[in-house]
Amino acid sequence: MTNLATALTEAAQRYPQRPAVLLDGRLLNFAELDEYSARVAGGLLAHGVRPGDRVGLSLHRSCVYPVLYFGALRVGAIVMPLYFRSRPGAVRPRGAARGARLVFVSDDAERARESDTGDTTFIPVGPDFLDQLAFWPHRPGVVRRADGDPAVTLGAGEPAVKPQATTLTHAFLRANASATARTLRDEPAAEADDRPGRVPAFSSTGRTHGLNAAILAGACLPPGPEPAAPATRTARDEQAGVRPALTGSGER
């Protein structure tokens with residue numbers, strides 16, 4: 001029975017100064033990521049969050065995301081990534097925070113709009129959020145969780161994507177992260193230049209498999225390139241683009 005958050009505490013003990021997360025120009029090593037997440041854990045406990053409670057994350061991709069993610073796991077909470085309105089005019093599904101004890105949001109407007117709905121507490125996350133964590137209580141321990149206990153709930157508040165949420169357990173996430181971490185450790189390129197392996201960043205919708213694997217492998221999670229806007233393509237262009245990918249020819 002192991003809480004997934006122990007992957008971070010163990011990594012911080014093994015290589016505290018190794019880079020762990022590099023997002024939005026901010027670099028956190030494993031010791032810093034562990035320290036910040038421990039302060040998030042202390043803050044969550046002060047807000048009354050207990051094992052089994054849901055903690056929502058409605059955030060853009062930044063160093064704050066993994067800090068909050070592991071901080072919630074440390075206290076035995078269930079992380080619930082929520083829809084983040086990243087485009088002007090995009091509509092956030094109503095009731096997306098239903099069931100969450102507390103939600104961290106990047107958009108103050110969203111916080112104001114949802115603040116009077118239910119018992120959920122909304123906490124704004126601004127550019128100086130990591131600096132503010134220095135004043136939060138420090139909780140270095142990790143709450144024990146059973147392998148079958150839920151760790152992450154995906155799809156909550158996104159009925160257009162999936163009508164029912166998907167719950168991922170601590171054992172499931174660790175098994176998948178371990179398989180990916182073994183691939184990273186065996187990567188010849190990473191051994192050749194003697195630098196920590198790197199994996200794609202997690203998505204804004206909350207898929208954290210890359211993050212989990214990076215922590216287990218002692219790798220650095222860098223920002224992925226922003227996807228380019230798709231150009232107008234004809235049916236002939238689509239056929240020409242798909243064929244090399246299927247046959248294994250063409251540039252990668």
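A salt bridge here is a side-chain nitrogen of Lys or Arg within 4 Å of a carboxyl oxygen of Asp or Glu. Aspartate 53 and arginine 101 make one of these, with their closest N and O atoms 3.2 Å apart. This pair links distant parts of the chain, 48 residues apart: aspartate 53 sits in the loop between H2 and E3, while arginine 101 belongs to strand E5 (residues 100-105). Labels like these come from DSSP runs, counted from the N terminus, where a helix (H or I) takes at least four residues and a strand (E) at least two.

The model is predicted, so local features need pLDDT of at least 70 and side-chain atom pairs count only at pLDDT 80 or more, whereas totals for chains, interfaces and linings use all residues. Residues are numbered from 1 along each chain as its sequence is written, and side-chain values use heavy atoms, with hydrogens and water left out.

Now for the overall picture. The protein has 9 helices and 8 strands. Of its 252 residues, 44% are buried, buried meaning under 20% relative accessible area, exposed over 50%, and partly exposed anything in between (1.4 Å probe, protein chains only). Among the contacts in the protein with a separation of 6 or more, 66% are between residues 24 or more positions apart; a contact means heavy atoms within 4.5 Å.

Back to the salt bridges: the structure holds 4 of them. In one, arginine 74 meets aspartate 34, with the closest N and O atoms 2.8 Å apart. Arginine 74 is in helix H3 and aspartate 34 in helix H2 (residues 30-46), so this pair ties together parts that lie 40 residues apart in sequence. Arginine 74 is buried because its relative accessible area is 2%, and aspartate 34 also counts as buried, at 18%. Glutamate 35 is partly exposed at 32% relative accessible area, whereas arginine 39 counts as buried at 19%. As for arginine 101, its 38% makes it partly exposed.

The strands have a story too. Strand E3 (residues 54-58) and E4 run parallel and are joined by 4 bridges; two strands pair if DSSP finds at least two bridges between them. Leucine 57 stands opposite proline 81 in E4. From E3 the chain crosses through helix H3 (residues 64-74) to E4, and this β-α-β crossover is right-handed, meaning that with the strands pointing away from the viewer, the path from the first strand over the helix to the second runs clockwise. In strand E4 (residues 78-81), Ile78 and Met80 point one way and Val79 and Pro81 the other, and all are buried.

Finally, there is asparagine 29, found in strand E2 (residues 26-29). Asparagine 29 is buried, with a relative accessible area of 11%. A polar atom of the asparagine 29 side chain lies 3.1 Å from the backbone nitrogen of alanine 31, and the side chain also reaches the backbone nitrogen of glutamate 32 at 2.7 Å. Leaving aside neighbours within four places in sequence, asparagine 29 is in contact with Pro16, Gln17, Arg18, Pro19 and Ala20.

Technical notes
A polar contact is a pair of N or O atoms within 3.5 Å; within protein, one must be able to donate a hydrogen and the other to accept it, and residues adjacent in sequence count only if both atoms are side-chain atoms.
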